[in-house]
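Subject: Handover of a structure for your study

Dear colleague,

Please find the structure below, together with its sequence.

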Amino acid sequence: MKDVVRVASGQGFWGDWLAAPRRQVEGGPVDYLMLDYLAEVTMSILQKQKERDPKAGYARDFIGAVDSVLDAVVSRGVRVIANAGGVNPHGCADALLALADQRGVRGKVVLGVVTGDDLLPRLDALIASGHPLANMDTGEPLSTVRDRVLSANAYLGSDPIVEALGKGANIVITGRSTDTALTMAPLRYEFGWGAEDWNRLAAGIIAGHIIECGAQCSGGNCLHDWQSIPDLWNVGYPIVEARADGTFEVTKHPGTGGRISVPSITEQLVYEMGDPHSYITPDVTADFTSIQLAASGENRVRVSGIVGRPATDKLKVSIAYRAGFKAVGTLVYAWPDAMAKARAADEVLRRRFEMLGMHFDAIVTEFVGATATHGPLAGDGHEANEVQLRIGVRSPDKAMVEKFTRELAPLVLNGPPTVTGFAGGRPKVEEIVAYWPALVDKSVVTPVVEIRS
Amino acid sequence: MKVRLIDIAHARSGDKGDTANVGVIALRPEYYPILVRELTVERVSQHFHGMITGPVQRYELPNLNALNFLLHGALDGGGTLSLKTDAQGKVYSTALLRLVLDLPAAEVAAIHRDHTPGA
């Protein structure tokens with residue numbers, strides 16, 4: 001058994017820095033490269049892509065990421081774990097095998113493909129057999145939006161990833177796995193942690209939570225003393241150095257920018273936190289109030305003391321459904337009286353909507369540069385030199401939203417003065433794909449692991 | 001005496017659906033009891049009056065010298081539904097840090113000593 005297992009984070013979301021994966025495998029020793037691609041709404045975007053092209057439906061950035069680290073995988077034994085498979089893990093695997101062919105290393109690539117999370121083909125059967133998939137926030141049964149559902153995926157835990165590693169995979173692709181399982185699974189595999197070793201499993205999950213957002217724990221988006229954080233242009237992504245007892249250190253490669261400190265790790269720990277006593281995952285319920293942090297060197301924080309409790313008998317399900325249309329448009333007003341002009345323009349628009357019989361489920365007006373992000377806490381904006389009026393509408397009626405997009409530009413000539421910033425043309429109408437979180441019994445979801453080479 | 005929360009704490013915020021969370025972290029361990037005492041659910045609800053439509057919940061993390069607040073109904077529906085610039089609650093963190101506390105003079109004097117260079 002290794003004394004220390006190093007898991008490096010190379011992507012915190014789909015759209016993250018493309019240079020990061022390669023920097024992680026070349027900047028120093030790492031055993032695993034963990035790439036997290038899936039946010040709550042990503043699955044629905046991928047589902048739409050797959051409807052247009054049956055070969056699509058996965059995070060295509062991942063193919064380039066693997067290309068950039070393939071030498072480390074085939075010659076140095078670095079293993080890659082990613083939830084890049086989206087709604088088409090086998091399509092993703094096909095593309096990776098084609099890449100391996102092209103690079104002449106087909107014989108050295110072993111893919112572990114994890115499926116079983118996709119509940120879309122089984123939705124009606126599940127509902128009929130007494131699984132209401134009620135919305136966790138509102139309690140409404142899924143049947144109220146059933147005909148508009150685009151995707152439905154259960155969050156899988158570490159089991160299938162551990163299985164794939166055991167079967168020799170050096171690249172593991174999953175669909176909707178929990179972000180944290182991508183980090184915990186290799187630790188569980190390497191150290192042989194049992195399925196009821198709650199404290200260590202919880203430690204692996206918390207290690208995953210710390211690095212799943214990439215550089216957000218190593219100096220990126222860090223409020224604490226932010227102006228003194230060095231060289232963000234060269235930011236180092238985080239690495240977990242874990243031990244069999246469940247303690248670990250978070251660090252980054254030497255010579256990189258950013259900062260790993262108790263405050264930077266603490267900020268990431270509280271990110272997207274709910275009840276800290278019960279961070280529920282398919283593998284374990286982790287207690288964030290047990291975490292002990294200590295600086296243990298330059299850009300190095302030791303994490304210990306973590307306590308876990310048994311997992312629940314449910315899995316979270318991420319469901320996406322069509323929920324109408326929206327559009328957001330902007331106009332910029334200049335000094336003097338920028339805020340007063342923007343307010344007047346907003347009133348002009350709203351009275352015109354009324355006059356023209358335009359109704360929306362929601363109209364949201366914000367004054368960017370004055371109160372858009374902090375509302376009334378930011379004062380009244382009367383001193384702002386320039387204000388961007390930002391107005392958005394939402395409606396189930398696409399035609400109504402289209403009508404809205406034609407109402408903004410006229411204000412340039414027939415509204416309040418000194419207005420600019422309309423060169424981008426009319427706002428775009430977007431279909432809203434909304435998120436429906438639900439729970440389902442673990443017993444009805446069976447993860448599947450296939451090895452492809 | 002008045003002290004800005006931003007002078008004794010840092011913070012990060014995020015989202016879960018239509019709920020924003022704000023984790024507030026004491027800049028020094030000795031400021032944590034001040035956060036616990038001053039940042040009551042009532043005080044934070046009042047601070048965000050007009051900005052959120054639901055209740056506020058608070059959790060304590062003494063191990064991290066942090067409090068976690070859940071602000072329900074903060075994101076105009078959240079995620080893709082939301083029409084807000086900050087649809088994912090990323091900057092509720094500093095919105096909370098705008099809060100101004102009224103503290104006993106001795107506490108304020110201690111905070112000022114901490115902020116004095118070379119102290």
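How many residues does the contact take from chain A and from chain B? Chain A gives 48 residues and chain B gives 36 residues, where contact means heavy atoms within 4.5 Å. Before the details, please note that this is a predicted model, in which local features need pLDDT of at least 70 and side-chain atom pairs count only at pLDDT 80 or more, while totals for chains, interfaces and linings use all residues. Residues are numbered from 1 along each chain as its sequence is written, chains are lettered from A and ligands numbered from 1 in the order in which they are written, and side-chain values use heavy atoms, with hydrogens and water left out.

The interface

The two chains bury about 3,500 Å² between them, with 58% of it on carbon and sulfur atoms. Buried area is the accessible area (1.4 Å probe) that two parts lose on being put together, summed over both. On the side of chain A, the residues that lose the most area to chain B are Glu272(A), His374(A) and Leu377(A), which together account for 19% of what that side buries.

The structure holds 31 salt bridges over all chains, and the rule finds three across the interface of chain A and chain B. A salt bridge is a side-chain nitrogen of Lys or Arg within 4 Å of a carboxyl oxygen of Asp or Glu. One pair is Asp76(B) with Arg394(A), whose closest N and O atoms are 3.1 Å apart. This pair crosses between chains: Asp76(B) is in the loop between β5 (66–71) and α3 (92–97) of chain B, and Arg394(A) is in strand β16 (residues 386–395) of chain A. Helices (H or I, at least four residues) and strands (E, at least two) are DSSP runs, numbered from the N terminus.

Two packed helices are described by the angle between their axes and the distance between the axes. The axes are lines fitted to C-alpha atoms, for helices over the stretch in contact, and angles run from 0 to 180 degrees between N-to-C directions.

Helix α7 (residues 181–191) of chain A packs against helix α8 (residues 198–211) of chain A at an angle of about 140°, with the axes 7 Å apart. α7(A) and α8(A) are therefore oblique to each other; angles under 35 degrees count as roughly parallel, over 145 as roughly antiparallel, 65 to 115 as roughly perpendicular and the rest as oblique. Among the residues of α7(A) that meet α8(A) are Met184(A) and Leu187(A), and those of α8(A) include Leu201(A) and Ile205(A).

α8(A) also meets helix α9 (residues 262–269) of chain A, where the axes come within 8 Å and cross at roughly 100°. That makes α8(A) roughly perpendicular to α9(A). Here Ile206(A), His209(A) and Ile210(A) in α8(A) meet Ile265(A), Gln268(A) and Leu269(A) in α9(A).

Backbone features

Most residues other than glycine have a negative phi, and most peptide bonds are trans. Trp335(A) and Pro336(A) are joined by a cis peptide bond, with omega about -5°. Pro336(A) lies in the loop between β14 (314–334) and α10 (338–355) of chain A. Asp231(A), a residue other than glycine, has a positive phi near 50° and is found in the loop between α8 and β7 (239–243) of chain A.

Yours sincerely,
A colleague
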